[in-house]
Amino acid sequence: MDDPPIRGIAQPFGLSRDSGGGGVGSVVLEEEATLLLPVEMEVPQGNDVVGASGSDGKVHSDHHMAIEIPVTAHQISHDSWFQVGFVLTTGINSAYVLGYSGTIMVPLGWVGGVVGLILATMVSLYANSLVAKLHEFGGKRHIRYRDLAGFIYGKKAYALTWGLQYVNLFMINVGFVILAGSALKAVYVLFRDDHDMKLPYFIALAGLACGLFAIGIPHLSALRIWLAFSTFFSLVYIVIGFALALKDGIEAPPRDYNIPGTKVGKIFTTIGAAANLVFAFNTGMLPEIQATVRPPVVQNMMKALYFQFTVGVLPMYAVTFMGYWAYGSNTSAYLLNNVNGPVWVKTFANISAFLQTVIALHIFASPMYEYLDTKFGIKGSALAIRNLSFRILVRGGYLTITTLVSAMLPFLGDFMSLTGAISTFPLTFILANHMYLVAKRNKLTSLQKNWHWLNVLVFGCMSVAAAVAALRLIAVDSSNYSVFADL
């Protein structure tokens with residue numbers, strides 16, 4: 001006999017650490033504008049994957065439009081706040097940091113770049129904390145961003161948030177594959193600068209490596225020791241980039257720190273750099289990461305966020321400022337292309353950047369993997385033939401598409417700008433502030449409400465402006481380079 005569906009609104013509390021058992025049920029979400037639904041639910045015990053036989057509950061609502069929220073097939077409620085903090089820090093200190101000197105500091109200059117990074121850090125911590133505090137809103141755990149938006153707003157917001165999030169994560173992953181391919185090409189150029197092997201070939205190799213890693217790691221919590229490797233690799237390329245840039249800066253003549261470009265061009269690049277600022281600090285998948293943390297989930301997630309935005313940002317600051325100081329307006333979008341030093345040292349840094357990127361991509365692809373695994377009931381042993389075959393075909397197919405797009409349009413800085421504009425701004429700032437405003441409206445003062453509305457308005461305008469600027473940059477670069485360009 002099939003398990004009955006769980007009727008409720010989102011992931012209930014009381015979850016254990018064992019993700020191996022239980023049937024895959026579904027949760028029905030009633031579209032509710034007033035947010036605070038009276039709910040009666042029996043909380044199942046003994047499984048991370050909720051959906052065991054005999055669990056049922058009721059939702060009282062006047063609305064009849066419902067959407068199904070599947071119970072996850074992945075492991076949740078398992079990780080310490082410290083491990084989650086390293087997941088977040090891995091995102092901040094991914095190989096993307098090697099581009100911030102060129103994509104943030106060059107368009108903004110010293111004053112704009114330094115002030116912008118500090119402000120972006122503070123604003124991002126604030127916005128992420130709003131989302132983290134809503135994780136248990138309404139007496140439920142909302143383990144996906146779209147589940148939280150759907151609970152607060154209803155069916156249309158559920159679909160819109162889902163679309164925005166997957167566009168965001170897909171474009172981030174495109175950037176990661178470009179980065180990984182660029183790192184491999186940089187190693188090749190160190191030994192053979194004959195242009196026989198072009199960037200698209202290295203992007204293809206990078207995509208293959210990411211696919212193999214995705215097949216071997218079933219879910220986000222399974223990273224574990226790989227997070228330690230990721231931290232080590234990050235420190236390698238950051239320390240080497242910092243040290244070689246410092247050496248070059250001491251030995252070099254005075255640099256030009258003027259913002260390059262025409263007056264109109266400067267306006268667009270400045271707006272694009274603002275999108276890069278928010279891209280640098282935000283994942284767009286905070287509820288999915290928070291789903292892995294042990295109870296108490298809000299307190300532990302706040303510890304992880306404080307770790308991310310204090311200790312976690314220091315390496316990124318160091319290499320970003322040092323790179324710009326050393327090379328000024330000539331800093332490239334990949335710092336290791338600027339630095340001078342022993343071949344073996346630069347090779348070590350580039351290989352570390354490549355390996356760290358493979359791990360980081362898996363984090364940002366995990367919501368897509370979770371969706372597919374849950375939809376098709378992929379759970380149990382990761383080495384089971386059915387599960388392994390599914391990961392090879394489906395995850396391999398997803399990364400093949402990602403790699404193809406990366407090879408066709410390898411404009412890394414432009415993708416960072418567009419991602420920040422069309423998805424990071426709306427998800428992390430606009431939606432976070434408005435969700436908190438709606439969810440807590442009866443507890444907020446007029447001043448607090450006005451503050452959140454101001455954030456929604458300001459970041460909404462910035463999102464539109466940044467999208468226009470990013471599309472202009474992509475159009476300019478696309479006219480200068482053919483598809484599958486060798487940058």
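Touching, or contact, means heavy atoms within 4.5 Å. You'll find Ser329 in the loop between helix H10 (314-327) and H11. Helices here are DSSP runs (H or I, at least four residues), numbered from the N terminus. Is Ser329 buried or exposed? Its relative accessibility is 17%, so Ser329 counts as buried; buried means under 20% relative accessible area, exposed over 50%, and partly exposed in between (1.4 Å probe, protein chains only).

A quick note before moving on: this is a predicted model, where local features need pLDDT of at least 70 and side-chain atom pairs count only at pLDDT 80 or more, while totals for chains, interfaces and linings use all residues. Residues are numbered from 1 along each chain as its sequence is written, and side-chain values use heavy atoms, with hydrogens and water left out.

Next, select helix H2 (residues 100-133) together with H10. They pack at an angle of about 140 degrees, with axes 10 Å apart. Axes are lines fitted to C-alpha atoms, for helices over the stretch in contact, and angles run from 0 to 180 degrees between N-to-C directions. That angle makes H2 oblique to H10 (under 35 degrees is roughly parallel, over 145 roughly antiparallel, 65 to 115 roughly perpendicular, the rest oblique). Zoom in on where they meet: the H2 side includes Val106, Trp110 and Leu117, and the H10 side includes Met316, Tyr317 and Tyr324. By class, this contact has 13 nonpolar, five polar and no charged residues. Nonpolar means Ala, Val, Leu, Ile, Met, Phe, Trp, Tyr, Cys and Pro; charged means Asp, Glu, Lys and Arg; the others, Gly among them, are polar.

Now colour helix H1 (residues 81-92) and helix H6 (residues 225-251). Their angle is about 40 degrees, with the axes 10 Å apart, so H1 and H6 are oblique to each other too. Show Gln83, Phe86, Val87 and Thr90 on H1, plus Leu227, Ser230 and Thr231 on H6, to see the contact.

Last stop: Phe281. Which residues have the most contacts inside the largest nonpolar core? They are Ile152 and Phe281, in a core of 108 residues. Such a core is a set of buried Ala, Val, Leu, Ile, Met, Phe, Trp, Tyr and Cys residues joined through side-chain atoms within 4.5 Å. Helix H11 (residues 343-375) gives the largest share, 14 residues. Among the residues that Phe281 touches are Ile92, Leu117, Met316 and Tyr317.

Methods: Helix = DSSP H or I, 4+ residues; strand = E, 2+ residues; numbered from the N terminus. Lists of a residue's contacts leave out its neighbours within four places in sequence.
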